[in-house]
Amino acid sequence: MNLAETGVPLDSRSKHLRSLVIDGLSAGRGHVGSSLSLIEIIRVLYDDVLNVRPAEPEWPDRDRFILSKGHGCLGLYAVLADHGFFPVAELKTFCKPGALLGGHADAHIPGVEASTGALGHGLPIGVGAALAARLRKRESRVFVVMGDGEVNEGSVWEAALHASKHMLDNLIAIVDYNKLQSYGRIEDVLPLEPLADKWRAFGFAVREVDGHDVNALGETFAALPFEKGKPNAVIAHTLKGRGISFAELDATWHHKSTVDAVMIERLRAALEQG
Amino acid sequence: MRQSALNAVYDLAKRDPRVLFIGSDLGAGVLEKFKAEMPDRYFMEGVSEAAIIGMSAGLAMDGFIPYFNTIATFITRRGFEQVAVDLCLHDLPVRLLASGGGAVYAPLGPTHMALEDIAAMRSLPNMTVFAPVDAPEMTRVIEATLSWPHPAYIRFAKGGDPVVSSPESGFAIGRAIVMRKGADALMISTGVMTSRALIAAETLGASGVQASVLHVHTIKPLDVESICTAAAPSSLVVTIEEHSRIGGLGSAVADALADAGIVTPQLRLAFPDEFVNTYGSQDSVLQSVGLQPPQIAQRILRALSPRQGEVAIS
């Protein structure tokens with residue numbers, strides 16, 4: 001089942017955020033497909049769910065958001081810039097010498113909780129952050145977005161054991177399940193199914209959702225915690241490259257290092273049509 | 001030494017609510033009083049070192065100071081990426097308490113012997129690396145880490161090690177301690193090799209060779225000033241470590257001397273670049289690679305003067 005194939009149309013806000021991702025390609029490179037599958041997940045979190053203060057990113061009582069699939073950072077940066085964590089103009093220097101923003105999530109950037117890029121790090125850090133919130137008797141929650149290829153990593157499942165042991169219902173593990181990893185289809189490289197059952201077996205309360213349907217995502221996050229005393233898992237079914245017709249479901253768009261001005265115009269045109 | 005370290009962590013936790021203790025799957029009953037008195041700050045998380053290091057990072061990001069104890073090689077080999085990315089890149093005050101540094105686990109074989117741990121840890125930016133000589137010094141190390149704002153790797157010895165450190169020498173992170181003075185050779189050592197160096201120095205003294213012993217409990221940041229000051233007038237620098245000859249104390253000292261333009265010959269007493277292929281005890285393995293006090297003395301005599309060495313051997 002791929003809930004994302006229901007094809008909920010992208011609204012103007014989703015297209016705007018994608019146009020910011022395209023702004024970030026002026027240095028000619030970026031994890032395009034990996035960022036585009038994430039947009040609605042991060043948009044809904046920052047628009048409606050996370051208790052954060054863009055003008056005070058270190059506010060102690062904030063909810064934590066960790067982009068564990070750090071290569072999808074353009075998607076995060078588009079949303080953070082749009083929310084005023086840093087100027088939108090920073091996107092245009094992505095990956096350039098001296099830039100604030102580079103190819104993987106970096107904790108020195110306002111609003112970025114953890115430097116990620118090597119996979120399988122975000123959920124263990126999230127477990128620690130959720131334990132810390134409990135120790136400090138804070139209500140804050142910890143959201144961790146992982147890639148589907150990322151959950152190949154054993155450290156993800158070690159952390160899942162810890163989360164379950166500690167009954168961290170303030171921890172939300174979200175899988176951006178776009179069905180493609182760098183080489184090709186998940187089911188060919190390292191099959192994950194039954195993915196939701198795996199999380200259930202590790203003690204999580206699980207929901208599946210169309211990761212591009214902002215209403216469905218909002219309803220899902222509004223239902224947190226799904227079950228008292230259990231960590232939460234959201235399997236967000238998405239399309240890699242969503243919004244750019246010729247990049248959708250194409251593994252070669254996982255990462256591009258040859259995006260020229262002509263291609264950027266093609267991307268913008270495709271986004272308008274999509 | 002391990003017991004002293006854990007007791008010191010307990011004492012810190014009693015007076016500072018930021019201090020946490022985390023173990024992997026340690027021996028039954030470890031730090032029972034900590035668990036009984038501060039159960040919310042005591043964690044035993046199973047054989048999952050990589051995730052535990054990440055978890056420690058998440059806790060430290062919120063102002064806690066986790067002390068994580070497991071076997072040294074499980075930190076430095078299994079958890080290297082987590083140490084590099086989660087701890088060092090974020091420059092977080094997580095303390096890695098590494099049981100079985102060097103050849104302590106000789107009976108258990110090469111999977112458990114930590115002979116490249118110092119090299120691995122000192123290569124990482126922001127990391128601090130300690131190898132104290134005895135239990136009282138271990139206590140001083142743990143105490144000093146409470147307010148140290150960076151990640152730290154703390155190498156444990158076997159336990160029951162001879163006490164040669166003295167509180168009168170003082171303790172400061174990154175400050176080497178002169179344990180003995182002599183004009184003929186400079187011995188620079190770390191961890192429990194310092195106690196062996198001191199015995200070797202007495203042997204040398206009986207042969208008419210007076211050696212200094214400089215104890216380096218903090219391998220990173222290295223006390224470059226003390227090392228260079230002591231090395232410049234010496235005719236021979238001897239580095240002594242329970243570690244591979246690649247990347248450990250000997251390498252750090254060689255780097256420091258080369259950078260300072262000091263050309264004193266250096267004798268590196270360390271493990272060869274190979275896995276240990278024998279069992280036995282820490283002492284027997286040290287003997288097999290020439291790191292027991294009589295061997296250290298002989299090798300120094302040989303380096304100072306081949307003729308003296310021959311006399312000593314006979």
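**View 1. Gly159(B) and the residues it meets.** Setting aside neighbours within four places in sequence, Gly159(B) is in contact with Met1(B), Arg2(B) and Gln3(B). Here, two residues are in contact if their C-beta atoms, placed from the backbone, lie within 7 Å. A quick note before going on: this is a predicted model, so local features need pLDDT of at least 70, side-chain atom pairs count only at pLDDT 80 or more, and totals for chains, interfaces and linings use all residues. Residues are numbered from 1 along each chain as its sequence is written, while chains are lettered from A and ligands numbered from 1 in the order in which they are written.

So where does Gly159(B) sit? Look in the loop between β6 (152-155) and β7 (177-180) of chain B. Helices (H or I, at least four residues) and strands (E, at least two) are DSSP runs, numbered from the N terminus. Gly159(B) counts as partly exposed because 14 other C-beta atoms lie within 10 Å; on this scale 20 or more means buried, 12 or fewer means exposed, and in between is partly exposed, with C-beta atoms placed from the backbone. Leu108(B) is 51 residues away along the chain, and its C-alpha atom is separated from that of Gly159(B) by 17 Å.

**View 2. The open sheet of chain B.** Seven strands line up in the order β2-β1-β3-β4-β6-β5-β10, with mixed pairing. Two strands pair if DSSP finds at least two bridges between them. At the edges are β2 (42-44) and β10 (218-220) of chain B, each pairing on one side only. From one strand to the next, the twist averages 20°. Zoom in on β5 (residues 128-130) of chain B, and you'll find that this strand and β10(B) run antiparallel, joined over two bridges. Phe130(B) has Thr218(B) of β10(B) as its bridge partner.

**View 3. Two helices on the sheet of chain B.** Helix α1 (residues 2-15) of chain B lies across β1 (19-23), β3 (65-71), β4 (95-99) and β6, running at about 140° to β1(B). Axes are lines fitted to C-alpha atoms, for helices over the stretch in contact, and angles run from 0 to 180 degrees between N-to-C directions. Helix α3 (residues 49-60) of chain B also packs on the sheet, where this helix touches β1 and β3 of chain B and makes about 170° with the direction of β3(B).

**View 4. A mostly covered helix in chain A.** Which helix is this, with nine of its ten residues buried? That's α4 (residues 73-82) of chain A. Among its buried residues are Cys73(A), Leu76(A), Tyr77(A) and Leu80(A). Their cover includes α1 (12-23), α2 (32-36), α3 (39-49) and β1 (64-67) of chain A. Just after α4(A), Gly84(A) takes a positive phi of about 90°. In chain A as a whole, 51% of the 274 residues count as buried.

**View 5. Where chain A meets chain B.** Here 19 residues of chain A are in contact with 20 residues of chain B. On the chain A side, α5 (122-135) and α6 (154-165) each supply at least two residues. The largest share, nine residues, comes from α5(A). The chain A side divides into eleven nonpolar, six polar and two charged residues. Ala, Val, Leu, Ile, Met, Phe, Trp, Tyr, Cys and Pro count as nonpolar, Asp, Glu, Lys and Arg as charged, and the others, Gly among them, as polar.
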